[in-house]
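Have the structure open while you read.

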Amino acid sequence: MKFDFDKGWNEALALIKGNFSLLATIAGVLIFLPSAFAAIIFPSASIESSLEGSTQPTMEQLQGALVTMFSEYWWLFLGVFLLTSLAQLAMLALLRRRSSPTVGEALASGASLLPSFIGAYLLQVLAYLAPIFVLISLPAALGLKPVALLGALFAIPLVVYISIKLSLSTPIIGIEGERNPVAALKRSWAMTKGNSLRLLAFFILLVVAAAVLVLILGWIVGLVFALGGEEASSFGAALSAGLIDALGAVFVVSILAAIHAQLSRLSAADTGEEA
């Protein structure tokens with residue numbers, strides 16, 4: 001049986017509608033506030049500031065700006081990453097239909113699962129970097145640029161495929177409580193079997209819709225705060241970025257939970273048929 005787009009979307013909306021106040025509380029405290037405060041207090045922690053006003057930066061300038069930014073503010077990015085990860089796990093814990101935890105219990109559950117999430121995240125990063133290194137970076141370092149260009153044609157779709165196959169590792173950890181990162185990745189790979197292309201199409205539709213909404217929201221907020229001058233505009237940009245991060249996390253978590261629920265049912269049905 002195949003993943004159903006409509007059921008996935010409708011179930012995600014139902015999860016948001018039924019748990020919005022609790023999800024918004026967690027996202028607001030752990031994502032919106034840290035992101036907004038970080039942007040307000042450390043405005044230089046951005047790629048634009050690191051480029052020092054360059055309007056048409058070269059690849060070398062971009063690389064240098066990224067190195068400068070992360071070397072100076074690695075602790076800030078790490079803190080935001082940890083808080084965002086904790087928020088995702090806590091929200092997934094809230095969506096467990098069997099236990100119905102309180103916000104405090106969900107946060108405690110998320111904190112206990114955070115090491116497993118970080119382990120799975122690092123393994124995913126290695127899985128993404130491996131084909132890029134072998135097919136692109138290594139040939140380029142050896143001076144084989146045509147081989148590197150050809151390798152990119154294979155590496156990019158391979159990385160996308162791997163990301164789809166491992167996309168359910170977070171709900172597997174957060175909802176099922178799986179503490180073994182390797183087991184979570186293996187289960188995600190198995191659960192998405194036969195549905196990789198449908199999930200890719202589903203994610204593309206969501207990304208396109210989200211991009212349009214973000215552009216519209218950013219334009220509206222930017223227009224409103226621009227009336228107050230440069231400082232007000234910067235303040236508004238920080239608030240809108242934090243709001244987008246928080247709302248985006250709520251939707252992403254709910255969508256992943258809905259996909260996980262549907263594929264779990266399909267997997268159970270397939271197992272029953274085989275038995």
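Leaving aside its neighbours within four places in sequence, which residues is Ser188 in contact with? They are Lys165, Leu166, Ser167, Leu168, Ser169 and Ile172, where contact means heavy atoms within 4.5 Å.

Before going on, a word on the ground rules. This is a predicted model, in which local features need pLDDT of at least 70 and side-chain atom pairs count only at pLDDT 80 or more, while totals for chains, interfaces and linings use all residues. Residues are numbered from 1 along each chain as its sequence is written, and side-chain values use heavy atoms, with hydrogens and water left out.

Ser188 sits in helix H7, residues 181–191. Helices here are DSSP runs (H or I, at least four residues; strands are E, at least two), numbered from the N terminus. Ser188 has a relative accessible area of 0%, so Ser188 is buried. The cut-offs are simple: buried is under 20% relative accessible area, exposed is over 50%, and partly exposed is in between, using a 1.4 Å probe and protein chains only.

Step past the helix and you find Thr192 in the loop between H7 and H8. Thr192 counts as buried too, because its relative accessibility is 0%. If you skip residues up to four places away in sequence, Thr192 touches Ile164, Lys165, Leu168, Leu199 and Leu263.

**How the helices pack**

Two packed helices are described by the angle between their axes and the distance between the axes. Axes are lines fitted to C-alpha atoms, for helices over the stretch in contact, and angles run from 0 to 180 degrees between N-to-C directions.

| Helix pair | Angle | Axis distance |
|---|---|---|
| H1 (residues 5–41) and H8 (residues 196–226) | about 50° | 11 Å |
| H4 (residues 103–141) and H5 (residues 145–165) | roughly 180° | within 8 Å |
| H4 and H7 | about 60° | 8 Å |

What do we call these angles? Under 35 degrees counts as roughly parallel, over 145 as roughly antiparallel, 65 to 115 as roughly perpendicular, and the rest as oblique.

Take H1 and H8 first. Their angle of about 50° makes H1 oblique to H8. H1 passes H8 in a right-handed crossing; a crossing is right-handed if the near helix is turned clockwise from the far one by less than a right angle, and left-handed if anticlockwise. On the H1 side, Phe5, Gly8 and Trp9 make the contact, and on the H8 side it's Arg198, Ala201, Phe202, Leu205 and Leu206. By class, that contact has six nonpolar, one polar and one charged residues. (Ala, Val, Leu, Ile, Met, Phe, Trp, Tyr, Cys and Pro count as nonpolar, Asp, Glu, Lys and Arg as charged, and the others, Gly among them, as polar.)

Now for H4 and H5, whose axes cross at roughly 180°, making H4 roughly antiparallel to H5. Residues of H4 in this contact include Tyr128, Pro131, Leu135 and Ile136, and among their partners in H5 are Ala148, Ala152, Phe154 and Leu158. The contact of H4 with H5 has 16 nonpolar, two polar and no charged residues.

H4 also packs with H7 at about 60°, which makes H4 oblique to H7. The crossing of H4 and H7 is right-handed. Here Ser116, Gly119, Ala120, Leu123 and Gln124 of H4 meet Pro181, Val182 and Leu185 of H7. That contact divides into five nonpolar, three polar and no charged residues.

**A few residues up close**

Is Ala152 buried or exposed? Ala152 is buried, with a relative accessible area of 18%. Ala152 belongs to helix H5 and touches Leu135, Ile136 and Pro157, not counting residues up to four places away in sequence.

Gly119, in helix H4, is partly exposed at 21% relative accessible area.

Finally, look at Ile16 in helix H1, which is buried at 9%. Ile16 and Ser254 are 238 residues apart in sequence, yet their C-alpha atoms are 6.4 Å apart in space. Apart from neighbours within four places in sequence, Ile16 is in contact with Leu23, Val250, Phe251 and Ser254.
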